[in-house]
Amino acid sequence: MRLCTSLILCFFMIALFGTAHANPEIFDKFHKFNTRSDSELVYDLYQMGDDALPYLIKRISDRDQKVRENAFYMLENYFPDARALSALSVLFLHEADNWTRNKVTNIMAHIDGEYTKRFMGKHLHADPQTQKIVIDVLTKLKDERVIPFLVQLMENPNTLPERKRFAIFGLADFKDKRVVPVILETLKNPIHIDGDILQQFIEKLTQIDDVRTVPTLVSVFNRNTTIGRRLYKTHSDLVINALSNAGSASLQKVLETAQMPLPENAHQPLLKVLRNAKDPKVVPIYEKVCLETDDADLKSTLVTGLQNMGTEGLNSLLRIVNLKPCKESLKSLATFNNVDAIDAVATIALDDSSPLRIDAIASLSQFGSYWNDEVSKHILKLLNDQNPEVRLTIIDLTRKMNLKRMIPDLEQLAQNSKGNTQYAAYTALDYLLDKSPLELKIEMNQKQYNYGEPIALTYTIKNVTDHPIRIGYRKTLSSSYLKLKIQQPDNTLAKYQGKWDRYRSSGRQDDIEHWLAMDEKEELILLSVKPDSYDILQPNEVISGIISVTEGFRLLQSGTYAIHLKIFLSPWKPSPVPKEQVFGKKPPLGKKVKLKLLAWEKTLISPKVQFDISEPTQEQLNTMLAVVDPEKINITDRTQIAHVGLQLAELRKPEAIPKLKSLNSINFDSFNPSDKIVMNAVHQALLKYDNPELVNLWVDMLDKHKPQSEIVLEVIKKLGETGDEQAIDPIKQIFFQVLNTEASIKIANALSQLGDESGHNWLKTEAYRNLQHWDIKIRLKGTIMLSLLDTSNTKQLRLPIIVRDQFDIVELYDDYRIRNQYFYSHLKQRISLKKPWFTIENYDSSINWTDIQEKTETVEGLKGLLKHQNLTIQRAAAYDLAHLRDATGKHLIEADLHANDMRIRMHARNALSNLQMK
């Protein structure tokens, strides 16, 4: 039979593609199945161009099983081409081996899900073995035609346990409620169920909205049950989301369970379920419990849940605040964009007898700048309140909400007050007038330093206003977060920056290695100050101190250094102050006052100062060269060799090149931490030079490190910068070892610098193919890859991101091992609706995403998207325009002010506030 199949496929190949070029070396690699040979095989097939596909199709009918398996692997993972579907279909129909037929169906589904559905649907009533394979693949493709077959499998008492589970899980994916009794019956005695299978049963239950599933799902939270002990850590979040999205009947069951006596660890996750629920039908139940219970946690949870239940939730919270308020109900009320909500919160803030006044004032500040007019009416009444804590809280609120209209009132208050009220009023005024009351200056202790000489600077902080200012300040400043940038004497940034390494008193090898491997940063000095005491600076008063620049850092390069100093002044977790010391005789409402309300909090930046470091003397240079002598490697400290090697490279001393090359030729033990430090440092040092003679040495480094290591990526970047075409082939070899990772993009960029676009072309082809895939996660993978490739747009990344919520993104971010922080920050911006965002439910494969991307590049293009047929794209464009201070799509944003989802309401409020600032 196999011979017959091979003959059929051979004739098919000749007719469709002609004869593929034979390559004995490539064929030999089909017999080797490991990562290295695999990457070489991909590269060789890629080099074949149009001949690769017919060659692979010919290999899938080879008599050698290993060759066949490897060919399948290549077709599925690297060359999923629709032209292979016909040959795969023929192989499926005529192949006798079940493993091969299953593999063929998987490849077909991966290439084109719709084609596979049509093809497999014709064979649903074939022989039992073929039917089994067809049912499996159509279940995977979510084809509803298999539902009757899955039901039959599930209900047949003669079905093998493995096939029965497959049927149950498949029906659960279709949300078929007929599986619920079967799963619940199976879970009655979970002690005998394999752990992975038990997890799958629970996962499938979470997909089905059925009140019968609630007791079993709730038992996941109770670690006194068998299911709870085995699944709480792994599946609690999954079950919380499922129950939160369930219908009102399920939520009522959860509420009843949460009110019962349960083990302590079972309550919190159940409360989280209720907090995340968004079903308005349960509003009366939540309100009733809130007004009756004295359980603070339960009440807090329920009022938080009400904030996501639209108008019904708002009206319920208004009633709760009037009858039995709590600080959580005030916070939830502040998420609604409604004047009645503002008035309800303000009423409590103005009530002298209410113990929740401070909480109400804090909730008023949450309404944001969009409601400045409405909030200001109430703040004016509170500014002169006789309670000192209320007055101070209101002063701070004016600063937080940037209420410039309150400037005249604050000026009058500052003139007529003393002590804390006066300091707070002046602080708020300085913020509102956008002027810093403090000035930071630095001076170097000397302008010229010898190489290796200790360096220090003196700083002064001066009050430049005509009024006192309270600041948080620590007397002794640390240089722990000191960062430098080096400038040439003409003030242009040096091509190479001085490498610094942080002093570690422990001397641990892993710490030393980490700091030696750190990238240079083009950043200003950052000095973080966390004061534990407060100073009142009178007008023209000065605070000064000395910072030792070289206390924690070594400056490895001679030349001119330009330094800025940043000091962040902030009260940091102040100790409680006795009430009588702060407010005098009249006691405040709160138990303690955070002095952060009274002190200046901002970053001070000094003007730039310069100093020079002279070249090392010949004696110093000879001493350093002696340290990196390869002949003394066994008697010299490895860490010292690594540091001095980098130091010589920073100085660009050509005398060091022969020494570094000799060290590089030593066969260091890459598993020995000390040897690894030296090897990495030597390679980093060699990469500092711009010497064309080192190209071959850089190429050799590629084999001494893992393909995705930082050293390899630095080498590849360096080879790209040199423009040496002899580096193209070895770089390509590395590229095909790290395909579809962030590192592959860096390698593709290096190839592009050398004039070879093959890396970019490969990644783009794969990404666009993934974007059209039937599986959501693969579509997301393609979208992420395209976004990472789109680095030409310096304003922002604009490709559509297919997400459900931030948690999904975090999970997929980890799954696909994307570590690009810049890109991840843009994902979070899209989730906050400041950038285009597209949910899984609204994903439409018919949309021309390239056209969408082009239109987001200009304001006029975004305005055009406001008329798009997809409402999600319209809203995304409206928010993007608001971010650019254009109100054309304002009507779409205003509709979101009263959305059920609290996050959408807040995003709308922020976007409209942004437009008001225009």
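Close-up 1. At 4% relative accessibility, aspartate 396 counts as buried, where buried means under 20% relative accessible area, exposed over 50% and partly exposed in between (1.4 Å probe, protein chains only). Its partner in a salt bridge is lysine 400, with the closest N and O atoms 3.4 Å apart; a salt bridge here is a side-chain nitrogen of Lys or Arg within 4 Å of a carboxyl oxygen of Asp or Glu. Lysine 400, by contrast, counts as exposed, at 57% relative accessibility. Both residues belong to helix 25 (residues 388–400) and are 4 residues apart, about one turn of the helix; helices (H or I, at least four residues) are DSSP runs, numbered from the N terminus. An α-helix has 3.6 residues a turn, so residues three or four places apart point the same way.

**Basis and confidence of the model.** This is a predicted model, in which local features need pLDDT of at least 70 and side-chain atom pairs count only at pLDDT 80 or more, while totals for chains, interfaces and linings use all residues. Residues are numbered from 1 along each chain as its sequence is written, and side-chain values use heavy atoms, with hydrogens and water left out. The protein chain averages a pLDDT (the predictor's confidence in each residue, from 0 to 100) of 77, and 77% of the residues score at least 70. Over residues 475–533 the pLDDT is below 50, although the model has 147 contacts for this stretch beyond near neighbours in sequence, a contact meaning heavy atoms within 4.5 Å.

Close-up 2. The side chains of lysine 278 and aspartate 901 meet in a salt bridge at 2.9 Å, N to O. Lysine 278 lies in the loop between helix 17 and helix 18, and aspartate 901 in the loop between helix 45 (890–894) and helix 46 (902–917), so the pair ties together parts that are 623 residues apart in sequence. Lysine 278 counts as partly exposed at 37% relative accessibility, whereas aspartate 901, at 14%, counts as buried. A search of the whole structure finds 35 salt bridges.

**Close-up 3. Aspartate 279, a buried residue without a salt bridge.** Aspartate 279 is found in the loop between helix 17 (264–276) and helix 18 (283–292). Aspartate 279 is buried yet has no salt bridge, and the nearest side chain of opposite charge, that of lysine 281, is 5.5 Å away; Lys and Arg count as positive and Asp and Glu as negative, while His and the chain ends are not counted. A polar atom of the aspartate 279 side chain lies 2.9 Å from the backbone nitrogen of serine 248. Leaving aside residues up to four places away in sequence, aspartate 279 touches Ala246, Gly247, Ser248, Leu251 and Met309.

**Close-up 4. The buried face of helix 32.** In helix 32 (residues 656–665) the buried residues are Ala656, Ile657, Leu660, Leu663 and Asn664. Seen down the helix axis, these buried residues fall within an arc of 125 degrees, so they line one face of the helix; the arc is that of the directions from the helix axis to the C-beta atoms. Their cover includes helix 30 (618–627), helix 31 (638–650), helix 33 (673–686) and helix 34 (695–701).

**Close-up 5. Threonine 139 in helix 9.** Threonine 139 is found in helix 9 (residues 128–140) and is buried, with a relative accessible area of 5%. Not counting residues up to four places away in sequence, threonine 139 touches Val146, Leu150, Phe166 and Gly170.

Key:
Helix = DSSP H or I, 4+ residues; strand = E, 2+ residues; numbered from the N terminus. Polar contact = N/O pair within 3.5 Å; in protein donor to acceptor, adjacent residues only side chain to side chain.
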